[in-house]
Amino acid sequence: MKRQLILTVFTCLSLLISLPGCSINRNSSDAPPAAAEEIAEPDTNNSPTADTTDPVDNTSSGNNPSANPDAPTESPEILSTEGFVMSVDGNTMYVDLENTGGRTYPGEGEDRKVAFDISNAEQIQTDISEVYPARSNLIRSGIHVDIEYYVQNGINIATKLTSNSQELGPITYLSVGYITAITDSSITVKVTEFDNAGETLDFDLSHCEPISENISIDDLVTVTYYIEQDINYAMGVMC
């Protein structure tokens, strides 16, 4: 009887061990890990720090000359010329560079005058004396001037102006001779004295002051005149 009871208990224990899900020796690795079922939180302690370094700046690297005062700048080429001052308008001087002396006819050079900006030009007067004292207004029309300048954006910018500041009168001629021909608008004179002596010249009277006396052929006359484009324009005729 006791042996039969022990056998029965052993049989029950064997059945319990064989049932699935009820084994007391179950491997703990078969259970799902709790950590795998949870959503991971961001790791603020290990996140990369923001890059606060400024990007490369062209102005600080020397690529911008205006931001780098030590950068070399190219000096403009200084040129030199001379001419006759036709007029001055504010800081602009107009100069005849072809004929640098007095006018050989009224209005000469107006068709070829060249502009110069003289706003920052150094002005130097030469030949200062009691006869020609220093002038406060050095640059003015009618004088000869030496110019140092450079060209920027097509503008002539003067850096230095030099002149004796003496006005140059118009170039005129004086001839004395005998009239050989007369028309309403001209006379012909055989010149015997002064300018062009020995030549026979025709004189245009269109720009001449009224002749106060009647003139005729063989009269001895004195003619003042200027020459423009090979034409002798009489300014005055005196008997």
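Biologist: What makes Phe 194 count as buried or exposed?

Modeller: Its relative accessible area is 55%. Buried means under 20%, exposed over 50%, and partly exposed lies in between, with a 1.4 Å probe and protein chains only. Therefore Phe 194 is exposed.

Biologist: What should I know about the model before going on?

Modeller: It is a predicted model, where local features need pLDDT of at least 70 and side-chain atom pairs count only at pLDDT 80 or more, while totals for chains, interfaces and linings use all residues. Residues are numbered from 1 along each chain as its sequence is written, and side-chain values use heavy atoms, with hydrogens and water left out.

Biologist: How confident is the predictor in the protein chain?

Modeller: The average pLDDT is 80, on a per-residue confidence scale from 0 to 100. At least 70 is reached by 69% of the residues. Over residues 21-63, pLDDT stays under 50. There the model has 8 contacts (heavy atoms within 4.5 Å) beyond four places in sequence.

Biologist: Which secondary structure does the protein chain have?

Modeller: There are 1 helix and 11 strands. Both are DSSP runs, numbered from the N terminus: helices are H or I with at least four residues, strands are E with at least two. In sequence order the pattern is α-β-β-β-β-β-β-β-β-β-β-β.

Biologist: Where is Phe 194 found, and what is its phi?

Modeller: Phe 194 is in strand S8, residues 186-194. Its phi is positive, about 65°, although Phe 194 is not a glycine. Most residues other than glycine have a negative phi.

Biologist: Where does Ser 165 lie, and is it buried or exposed?

Modeller: Ser 165 lies in the loop between strand S6 (155-163) and strand S7 (173-182). Its phi is also positive, about 65°, and Ser 165 is not a glycine either. Its relative accessibility is 4%, so Ser 165 counts as buried.

Biologist: What share of the protein chain is buried?

Modeller: Buried residues make up 23% of the 239 residues.

Biologist: Why do the side chains of Arg 112 and Asp 96 count as a salt bridge?

Modeller: The rule asks for a side-chain nitrogen of Lys or Arg within 4 Å of a carboxyl oxygen of Asp or Glu. For Arg 112 and Asp 96 the N to O distance is 2.8 Å, so the pair meets the rule. By this rule the count comes to 7 salt bridges.

Biologist: What makes Arg 112 and Asp 96 a link between distant parts of the chain?

Modeller: They are 16 residues apart. Arg 112 is in the loop between strand S2 (92-96) and strand S3 (114-117), and Asp 96 is in strand S2. Arg 112 has a relative accessible area of 23%, so it is partly exposed. Asp 96 is at 0%, so it counts as buried.

Biologist: How do you know that Arg 112 also forms a salt bridge with Glu 108?

Modeller: The closest N and O atoms are 3.2 Å apart. Glu 108 has a relative accessible area of 7%, so Glu 108 is buried.

Biologist: Why do Glu 110 and Lys 113 count as partly exposed?

Modeller: Glu 110 is at 42% relative accessibility, so it counts as partly exposed. Lys 113 is at 33%, so it gets that label too. Their side chains meet in a salt bridge at 3.1 Å, N to O.

Biologist: Which residues do salt bridges with shared partners join into one network?

Modeller: Asp 96, Glu 98, Arg 103, Glu 108 and Arg 112.
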